[in-house]
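Have the sequence and the model open side by side, and let us take a friendly walk through the fold.

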Amino acid sequence: TPPSERSFPRLGYQLRMDLLDSDPPIWRSLWVPADTPMAALPAILAAAMGWSGQAEAHLKIASGPDDPSTLEPLTLAAVLQQPGDSLRYTYAPTLGWLHRVRLEAVAPLREDEPLPRCIAGERHCPPEFCAGVWGYEDLLDRLNDPEEPDYDQLWEQVGYDFNPEAFD
């Protein structure tokens, strides 16, 4: 069969997204089609992490241009080409939610495989109202202190079933 008539399997990318500076680590692993448009990637990453997706978001290649809009016409495969390649994902820049997104694996996709799909992770996504990782650490300290003046209000704000160790 001539090369122009061969059908090649669609490729999937396994990505690992780490919330930078979180200790203990907060991360997600997900599969997405390699041909995902870069313009669609922020919404996928927000959903995998647990963010609402309502805030501004930016992507930046580790060694790429400072203007993230230059990525918009590209696909994920054009930006991340081999395992180990990475990019920065910033969700709600004024609050400082910084992530590293690293390509972990490339594999052919089955036709019936539903993607994107989050396959693993650790710890609950921080509430978006926190001012970055340090604000989240402060919130956790306050939630663990029944003497905190805003203790009940904070639990009401995060939800009484909030568990920072839980991942679903």
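Predicted model: local features only at pLDDT ≥ 70, side-chain atom pairs only at ≥ 80, totals over all residues.

Residues are numbered from 1 along each chain as its sequence is written, and side-chain values use heavy atoms, with hydrogens and water left out.

**The sheet**

Helices (H or I, at least four residues) and strands (E, at least two) are DSSP runs numbered from the N terminus, and two strands pair if DSSP finds at least two bridges between them. Six strands make an open sheet with antiparallel pairing, in the order β3-β4-β5-β1-β2-β6. At its edges are β3 (57-61) and β6 (117-122), each pairing on one side only. Within the sheet, β1 (residues 11-19) and β5 (residues 97-108) are joined in the antiparallel sense by nine bridges; L11 has P108 as its bridge partner in β5.

**Helix α4**

Which residues of α4 are buried? In this helix (residues 151-158) they are L154, W155 and V158, where buried means under 20% relative accessible area, exposed over 50% and partly exposed in between (1.4 Å probe, protein chains only). These residues sit on the same side of α4 because they cover an arc of only 100 degrees around the axis, the arc being that of the directions from the helix axis to the C-beta atoms. The face turned away from the buried side carries exposed D152, Q153 and E156. Just after α4, G159 has a positive phi of about 100 degrees.

**The aromatic residues**

Rings of Phe, Tyr and Trp (its six-membered ring) pair if their centres lie within 6.5 Å; planes under 30 degrees apart count as stacked, over 60 as edge-to-face and the rest as tilted.

| Pair | Centre distance | Plane angle | Class |
|---|---|---|---|
| W51 and Y91 | 5.1 Å | 15 degrees | stacked |
| W51 and W97 | 4.8 Å | 40 degrees | tilted |

Both pairs link distant parts of the chain: W51 lies in the loop between α1 and β3, with Y91 in strand β4, 40 residues apart, and W97 in strand β5, 46 residues apart from W51. W51 counts as buried at 4% relative accessibility, and W97 at 0%. Y91 is buried as well. One aromatic cluster is formed by W51, Y89, Y91 and W97.
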